[in-house]
Amino acid sequence: MTPDEYCQQKAAKSGSSFYYSFLFLPDERRRAITAFYAFCREVDDIADEVADVGIARNKLAWWRTEIANLFAGHPAHPVTKALAPFTAPYGLDAHRMNEIVDGMEMDLVHHRYPDFDSLKRYCHCVAGVVGQLSASIFGYTNPSALEYAENLGIAFQLTNIIRDVGEDARRDRVYLPADELARFGLAPEDILARRGDDKFTKLMQFQAERAHSYYELAFSKLAPEDRKSQRSGLIMAAIYRTLLREIEADGFRVLEQRVALTPMRKLWIAWKTWTFGT
């Protein structure tokens, strides 16, 4: 298996909405974003699947070394080998790749967030930086594209948090800010016990409104001359925002089920957005 084949398999296996946004890209950019996405999956899988914190830290430390190897010109892992030809042409850098690892390390020890400012820092590392580097691979001319990508990444992560409230609770994780829980008369224990009531619904409406505000902020930062090159990001936005609206229409029953779009629907949204821009 070649490094590119390894990355392709990693991306396709995930079933993520991101994969569908890559399908329409030119070959070189598709190879680059697939390799970058495979890197994100590798480190994310460590945070999500390795139960022993010490082992997980060691694995993430190995990836920090491998990032250094990548930029020193001698990568060892199939993912970094696949990514190596694209670091210079697409402006990828070790600092931001290490920020992604920072976010995964946060997941090992921080299962609660006191307020949105602390949660936003986490969202920046695990999603905003991913957005920035993805935008660099897609290509842009106006620097405001990085602001667009940062805010869009945060919007995606806020959508993920809403979708995964119940699933995260089963793993003793609560990504809803503690001060906002209190504002709506709730405590982390209510989330962990998966007690859904009117207070929870109002809290989730508040979370969804903030996610929508980040989508709108992101779109306001995308210059007209970059809309074509950033269509993959717009595909992701269309898929994720459709998911958010499905969750809203379902009454935020996220404590008891995980709402998802079918692969065929994702593909339809991707084709429609790529073809018509909406």
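Helices (DSSP runs of H or I, at least four residues) and strands (DSSP runs of E, at least two) are numbered from the N terminus. This is a predicted model, in which local features need pLDDT of at least 70 and side-chain atom pairs count only at pLDDT 80 or more, while totals for chains, interfaces and linings use all residues. Residues are numbered from 1 along each chain as its sequence is written, and side-chain values use heavy atoms, with hydrogens and water left out.

**Exercise 1.** Work out which elements the chain holds and in what order they run.

*Solution.* Begin with the count, which gives 14 helices and 0 strands. Then read from the N terminus on, where the order is α-α-α-α-α-α-α-α-α-α-α-α-α-α.

**Exercise 2.** Compare the radius of gyration of the chain with that of a compact globule.

*Solution.* The radius is taken over C-alpha atoms, and the globule rule is 2.2 Å times the number of residues to the power 0.38. For 278 residues this rule gives a value near 19 Å, and the chain, with 18 Å, therefore agrees with it. As a further step, the C-alpha trace spans about 55 × 50 × 35 Å along its principal axes.

**Exercise 3.** Describe the surroundings of E150.

*Solution.* First place E150 in helix α8, residues 144-163. Next, E150 is buried, meaning under 20% relative accessible area with a 1.4 Å probe, protein chains only. E150 has no salt bridge (a side-chain nitrogen of Lys or Arg within 4 Å of a carboxyl oxygen of Asp or Glu), and the nearest side chain of opposite charge, K120, is 6.6 Å away. Finally, leaving aside neighbours within four places in sequence, E150 is in contact (heavy atoms within 4.5 Å) with H124, G128, V129 and Q132.

Key
Buried means under 20% relative accessible area, exposed over 50%, partly exposed in between (1.4 Å probe, protein chains only). Lys and Arg count as positive and Asp and Glu as negative; His and the chain ends are not counted.
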